[in-house]
Amino acid sequence: MEDLHLPPPRMIHRVLGVTSATDRIGVGIMDKSGVASDQVDSSAPTWSVVYVLRGQGRYRDAQGRLFDLRPGDCFQRIPGRLHSTVLDPTSNWLEAFLDLGLGLWQVLDRMRLLPPEPP
């Protein structure tokens, strides 16, 4: 018999292609309710675009610039660039993301289709 009182999953994602960081496309939703330090001075191996569905926080780029985050905002995690995201743990943060493999990001970057500023 199925237990209908289980908590919902905190992340749902799907990946197309192989699972290496250089050859994939991923998409998902992450519930980070209660999380304060999401990523601190982190460097991602892939390019990701994050869309804030719910919650509040701040993004700090490699130069130390701070950007407030709230529902409706987008930010990107650029491969090899340090960044931090600090969330208000009481704001019930929920995000949707698109994660592109490094190879695809490099092609799009060379075509100047992905402006790096502002992050």
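Me: How are strands defined and numbered here?

Reply: Strands are DSSP runs of E with at least two residues, and helices are runs of H or I with at least four, numbered from the N terminus. In this structure, His-83 lies in strand 8. The model is predicted: local features need pLDDT of at least 70, side-chain atom pairs count only at pLDDT 80 or more, and totals for chains, interfaces and linings use all residues. Residues are numbered from 1 along each chain as its sequence is written, and side-chain values use heavy atoms, with hydrogens and water left out.

Me: What is the order of the strands in the open sheet?

Reply: Strands of a sheet pair through backbone hydrogen bonds, either parallel or antiparallel. Pairing requires at least two DSSP bridges between two strands. Here four strands form an open sheet in the order 3-8-5-6, with antiparallel pairing. Strand 3 (37-43) and strand 6 (66-69) each have a single partner strand, so one side of each lacks a neighbour in the sheet.

Me: How many bridges join strand 3 to strand 8?

Reply: Four bridges join strand 3 to strand 8 (residues 82-87). Ser-37 has Val-86 in strand 8 as its bridge partner.

Me: Is His-83 buried or exposed?

Reply: Buried means under 20% relative accessible area, exposed over 50%, and partly exposed in between (1.4 Å probe, protein chains only). His-83 counts as buried, at 1% relative accessibility.

Me: Which residues does His-83 touch?

Reply: Contact means heavy atoms within 4.5 Å. Not counting residues up to four places away in sequence, His-83 touches Gln-39, Val-40, Asp-41, Ser-42, Ala-44, Tyr-59, Arg-60 and Arg-77.
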